[in-house]
Amino acid sequence: MSNIAEGFERGGDREFIQFLSLAKGSAGEIRSQLCIAFDQHYLNRTQFDDLANRALHIGKLLAGFMNYLKKSQLGGVKYKPVATRPETRNQRLQTS
């Protein structure tokens with residue numbers, strides 16, 4: 001979740017996709033850690049299957065979102081003219 005938030009805040013699709021890729025990799029890491037937890041008997045088969053399937057599903061959702069962004073004409077806030085960019089919280093604080 002933190003990788004997704006960080007990538008989104010960078011304001012450009014290329015960087016966002018990069019951070020979505022990191023998040024997808026983290027979902028794969030979780031599946032690996034679940035295998036270890038199952039092998040060490042911290043999880044039973046039902047728990048393992050449920051959690052591993054959830055992690056796999058999240059990875060697929062992230063891959064689909066990445067593919068959508070790659071095909072999209074949207075470039076992110078970073079690539080909009082300055083006058084049309086949404087105001088950030090920091091900018092509001094500076095002008096107050």
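## Basis

The model is predicted: local features need pLDDT of at least 70, side-chain atom pairs count only at pLDDT 80 or more, and totals for chains, interfaces and linings use all residues. Residues are numbered from 1 along each chain as its sequence is written, and side-chain values use heavy atoms, without hydrogens or water.

## Overall fold

The protein chain holds 4 helices and 0 strands. Its pattern along the sequence is α-α-α-α. Helices (H or I, at least four residues) and strands (E, at least two) are DSSP runs, numbered from the N terminus.

Of the 96 residues, 22% are buried. Buried means under 20% relative accessible area, exposed over 50%, and partly exposed in between (1.4 Å probe, protein chains only). The chain exposes about 7500 Å², with 55% supplied by carbon and sulfur atoms. Areas come from the Shrake-Rupley method with a 1.4 Å probe; for residues, only the protein chains shown count as cover.

Contact means heavy atoms within 4.5 Å. Among contacts between residues at least 6 apart in sequence, 55% join residues at least 24 apart.

## Helix α2

α2 has 27 residues. Its first and last C-alpha atoms are 39 Å apart, close to the 39 Å expected at 1.5 Å a residue. The expected span is 1.5 Å times one less than the number of residues.

The buried residues of α2 are Asp13, Phe16, Ile17, Phe19, Leu20, Ala23, Ala27, Leu34 and Ala37. Their cover includes α1 and α3. After α2 comes His41, with a positive phi near 65 degrees.

## Helix α3

α3 runs over residues 45-71. Its end C-alpha atoms are 39 Å apart, which agrees with the span of 39 Å that 27 residues should give at 1.5 Å a residue.

At the start of α3, a side-chain oxygen of Asn44 comes within 3.0 Å of the backbone nitrogen of Thr46. Buried in α3 are Phe48, Ala52, Ala55, Gly59, Leu62, Met66 and Leu69. What covers them includes α1 (2-9) and α2 (13-39).

## Nonpolar cores

A nonpolar core is a set of buried Ala, Val, Leu, Ile, Met, Phe, Trp, Tyr and Cys residues joined through side-chain atoms within 4.5 Å. The largest has 7 residues: Phe16, Ile17, Leu20, Ala23, Leu62, Met66 and Leu69. α2 and α3 are the elements that give two or more residues to this core. α2 gives the most, with 4.

Apart from this core lies another, of 5 residues, among them Ala37, Leu43, Phe48 and Ala52. Ile17 contacts Met66, Leu69 and Lys70, leaving aside neighbours within four places in sequence.

Key. Polar contact = N/O pair within 3.5 Å; in protein donor to acceptor, adjacent residues only side chain to side chain.
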